[in-house]
Amino acid sequence: MTQNTVEKTSLTLLGLGAMGTALARTWLSAGHPLTVWNRTPARAAALAAEGARVADSAAEAVAANTLIVMCLLDDASVDEVLVDADLTGRDLVNLTTSTPAQARTRAEWARERGARYLDGGIMAVPPMIGVPEAGGYVFYSGSRELFERHRGTLGVPAGTTYVGEDAGFAALHDVALLSAMYGMFAGAAHAFALIRKEDIDPAALAPLLADWLVAMTPAVHQTADQLRSGDYTKGVVSNLAMQVAGTPTFLSTAEQQGVSPELLNPYFELMSRRLAEGGGEEDLTGVIDLLVR
């Protein structure tokens, strides 16, 4: 059989927000028969014109296919949407943003209702869906057998990365990466605030800042290696004592520029605590242990 004659898996998609609509259009463009449902029916009209079958209810949409993908507002919405649906024998793939604990509870909830379950964490924004070169992907966790069964279909809108049988791992990876992202945004915000009152074009600083952040990213590999080995002095270039000694310069500069240090202070305080505990010869890795309760 040629690729063009291979039968495409049919599926149901519940939820047609910006992300759900992007997912739907990608599956439709790839030739997958698609049944959709949304709480606000008007959002499904454009997809109907593109070939989607629009169900009158979530229960009807679930009954239409074995593979059910959910991209809803929140975890509570899953209960509300599927209250009347028969999930027996269904393969549920939940792309709704949730916590690891919610994902684990949802996996058990699905099992009790006779369904198989995969949880997903989308590492992309809607414009990246269906655009392989954009680099978007989805973390999946839960049943490996279920993931492998639907890997081809799930990989149509974005790349797939399976992270383990524990249903909570996709959400955990998702939040871990996004937490690091917000930390980066916080640092960038402080950097731009420092030049805000000066005759410095933010557009001129931006490429310097972006290149510097990229140059620093390999440090995460050293951090991981130190965590794995338990030796936080391994490969240290600038030890904690040296870095703590430099923090007054950052705080004084912020004060002189009229910038609040509130984005820097929490991290600097953790660095000082670790130093006080005797970690002067370590890298910054010891700060991680202070965060873990």
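Two strands count as paired if DSSP finds at least two bridges between them. By that test β7 and β8 pair, in the parallel sense, over 4 bridges. Within this pair, V138 stands opposite T160 in β8. The model described here is predicted.

## The sheet

The strands form an open sheet of 8, with mixed pairing. Their order is β3-β2-β1-β4-β5-β6-β7-β8. Which strands stand at the edges? They are β3 (53-54) and β8 (159-162). Each has a single partner strand, so one side of each is left without a neighbour in the sheet.

Strand β4 covers residues 67-70. Strand β1 (residues 11-14) pairs with β4 in the parallel sense over 4 bridges. Here L11 stands opposite L67 in β4. β4 also pairs with strand β5 (residues 91-94), again in the parallel sense and over 4 bridges. In that pairing M70 stands opposite N94 in β5.

## Empty space

Rolling a probe the size of a water molecule over the atoms shows where empty space is left. The table lists the spaces discussed below.

| Space | Volume | Lining by class |
|---|---|---|
| Largest cavity | about 30 Å³ | 9 nonpolar, no polar, no charged residues |
| Largest pocket | about 2,200 Å³ | 34 nonpolar, 14 polar, 1 charged residues |
| Second largest pocket | about 480 Å³ | 13 nonpolar, 10 polar, 4 charged residues |

## The cavity

How many cavities of 30 Å³ or more does a search of the whole structure find? It finds 1. The lining consists of L23, W27, L95, I129, V138, Y140, L154, P157 and A158. Helix α1 (18-29) and strand β7 (137-142) each supply at least two of the lining residues. V138 of the lining is also the residue that stands opposite T160 in β8.

## The pockets

The largest pocket is lined by 49 residues. L213, M216, A219, Y267 and L284 lie nearest its centre. Six helices each supply at least two lining residues: α7 (169-195), α8 (202-216), α9 (219-229), α10 (240-256), α11 (265-276) and α12 (286-291). Which of these gives the most? It is α7, with 12 residues. By class, the lining holds 34 nonpolar residues and 1 charged residue, with 14 polar residues besides.

The second largest pocket has 27 lining residues. C71, L72, L73, T96 and T97 lie nearest its centre. Helices α1, α4 and α7 and strand β6 (116-123) each give two or more residues to this lining. The largest share, 4 residues, comes from β6. This lining includes 10 polar and 4 charged residues alongside 13 nonpolar ones.

Helix α7 contributes to the lining of the largest pocket and to that of the second largest pocket. Helix α1 supplies residues to the cavity lining and to the lining of the second largest pocket.

Key:
Residues are numbered from 1 along each chain as its sequence is written. This is a predicted model: local features need pLDDT of at least 70, side-chain atom pairs count only at pLDDT 80 or more; totals for chains, interfaces and linings use all residues. Side-chain values use heavy atoms; hydrogens and water are left out. On a 1 Å grid over the protein atoms alone, a cavity is a set of points where a 1.4 Å probe fits but cannot get out, and a pocket is an open set with protein on both sides within 12 Å along at least five of seven lines; lining residues have an atom within 4 Å of a point. Grid points are joined across faces, edges and corners, and a volume is the space filled by probe spheres set on the points. Ala, Val, Leu, Ile, Met, Phe, Trp, Tyr, Cys and Pro count as nonpolar, Asp, Glu, Lys and Arg as charged, and the others, Gly among them, as polar. Buried means under 20% relative accessible area, exposed over 50%, partly exposed in between (1.4 Å probe, protein chains only).
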